[in-house]
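Here's a quick tour of a protein and the things it holds. Take a look at the picture first, and then we'll go through it together.

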Amino acid sequence: MTFLPFFRQLRSLASIPRDNAPLLIAQFEAFRHQMPLMYLVLIANTWALAVTHFAIAPTWLSVYVPCAFTVIGVQRLWRWTRAERRQTSADTAERALSRATWLAAGLTIVFTAWALSLVRYGGPYAQAHVAFYMAITVIGVMFSLMHLRAAAIIVAVTINGAFFGYFVLYGNSVFRAVSVNVVLVSGAILVILMKNHRDFTRMVEARAENERLAHLDSLTGLPNRRSFFHELDATYAAAVARRKMLAVGIVDLDGLKPVNDTHGHAIGDRVLSQVGERLARLVTPQLRLARLGGDEFGLLVVDIISTEALTALGEHVCRMLREPFIAGDVNIQISASLGFAVYPAHCATAAELYEFADYALYSGKRNRRGSAVLFSADHHAAIRRSALVEQALQMADLERELTVAFQPIVHVATGRVHGFEALARWTNPSLGSVPPDEFILVAERAGIVSDLTFILLRKALSTALRWPHPVRLSFNLSTLDLASPETVSDILTLVADSGFDPSRLDFEITETAIVREFKAIQSAASRLRALGCGVSLDDFGVGYSSLSYLHTLPLTKIKIDRSFVRGMHAVRTSYKIVKSLLALGRDMGVETIVEGVETEDELRALESAGGELSQGFLFSKPVEPEETYALVEVGLLPGRGSANVS
Ligand code: C2E
Ligand code: CA
Ligand code: CA
């Protein structure tokens, strides 16, 4: 009875950790490195003993048996050496380890029997050699088997038991003493091996825990970006192999940045972790979720039934995230946009699948914020086109191919030119004329937009230098220009060196730019103002949460977007919006320019709403630099807009 717990403990010590896959694999890896060496030692020792017994023992014992051992040993050696190169799964590790245990038990019995059967032959030296063989082999083999405790224990017990029993019964006092020594040393080695194994287990477990943490996002507890891409590669390979559909979805929150700005990052973090919790409710074996970083979450959807089901899932996600969040005592309302791409419909690699989902997201954010967008053939065509444009842009002689067109900004009451907005034009030998909103976007994405800005600004300033006082120049800057303090410095230097009066120069910045890079844009705007330049807020009203930014930027003008002007004579709400924006501008002490006036009706409505400065095709389309001088002289009476189109 008292032995039972001891044996149970021994069994648990000796067993293979079947339910711990990382440990099983680590143990197997360590174990297999030692096997070839063990078999080499075994074969060498065996032949050493065989040689000293050639002349004295029967041939079958001193030659045939060692030959058989050698064949088995070489075969095992060969197997283990080959196994080095193979990847192991927990299953194969388990099978190999339990096979190795049985084999160790079998071989030990045979080797022990062989060694003991040699004791009868020869004198004391030869007998001593057998004892030495058994003692040294048991130690060598136990060490080699340290990662397979079961086998180490079997070897120790079998060899020592036989050795001790045999020599105590039949040996003289020298052999008895030797056998006691060997048993003691083996016991000590076993203790060391057990301790060693405990350390090994702890190390493997710590490594597994680190590995687990390295794949988790600390804020939401969801798998992180690294884990997402890992999973993406694996599910993609599986989808290809099984010819199944796979979708990648990227969820991006709209409006988290303003939450961080107004309520602080602690509140922003709480919203993020609640977003994580809501999304986690969707997780099934078919839908996996990760936080990709910032306010982006990734979805992997396997076994999709149809694209309709996918779109429905996307709409559900967007609806879920439109529900208000409660963080502390604030109630926060944000929304989310989602982009999906599907294998095999859209892509040829896992990276492309992700990239296309990102593209769908990005296009959704521009056109249909707050909804789910599925990657489409149009998107594909747009990607190919921007790749083409980017390539042409990279190779272009920009100094020659870029030109500037000028569209007058007019005092509506008098028709006098208040100033001109410089608009970029690019005519490429292979692509022809490319619209500015297209190539500016591509240049921004390729990170070369500032190169374009400098060329365009230099050209615009050289035309503007010949305009009489007080005709002004308006110049569009990209977000990326403003986000880089070095670029802003270079722009300031360029202006100062041009000889054009900085107080007649306005820089136009767009609202979307401000939302993304608020701090940087605020400081850039202040620096431009410090030189004496004006700062205009372009396309006012198309973004959102605009009003909160108006107060915090040193603006001198706002430009009301042309979407409000379209049909303002007929649509009451448009009229009211323009009228109140004009009033807002007056209150803030900034000038207001109304863009995109195309018809006499719109102009009349604008005048009645109180608009003073305007820009639009009704007055003039953008014109060539040389034509600006005449326009400055004669002014622009409505309806007699310049016929020159550029
Ligand atoms: P934007 O800054 O809003 O420029 C005004 C755009 O409205 C110009 O288009 C102009 O031709 C167009 N426009 C003016 N009056 C009317 C009108 O009555 N009706 C209509 N439908 N459109 C009118 P454009 O030249 O094609 O420029 C498009 C956009 O490209 C610009 O919008 C601006 O965002 C960007 N862009 C143009 N030049 C530059 C530049 O030098 N640098 C940067 N960063 N962006 C530029
Ligand atoms: Ca503009
Ligand atoms: Ca504009």
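## The shell around ligand 1

A residue counts as near a molecule if one of its heavy atoms lies within 4 Å of it. Around ligand 1 there are 22 residues, and Gln407, Ala424, Arg562, Glu598 and Phe617 come nearest. They divide into 9 nonpolar, 5 polar and 8 charged (Ala, Val, Leu, Ile, Met, Phe, Trp, Tyr, Cys and Pro are nonpolar; Asp, Glu, Lys and Arg are charged; the others, Gly among them, are polar).

This is a predicted model: local features need pLDDT of at least 70, side-chain atom pairs pLDDT 80 or more, while totals for chains, interfaces and linings use all residues. Residues are numbered from 1 along each chain, chains are lettered from A and ligands numbered from 1 as written, and side-chain values use heavy atoms, leaving out hydrogens and water.

## Polar partners

Now for some N and O pairs (a polar contact means within 3.5 Å). One nitrogen atom of ligand 1 sits 3.0 Å from a side-chain N or O atom of Gln407. A backbone N or O atom of Phe617 is 2.8 Å from an oxygen atom of the ligand.

How values were computed: Polar contact = N/O pair within 3.5 Å; in protein donor to acceptor, adjacent residues only side chain to side chain.
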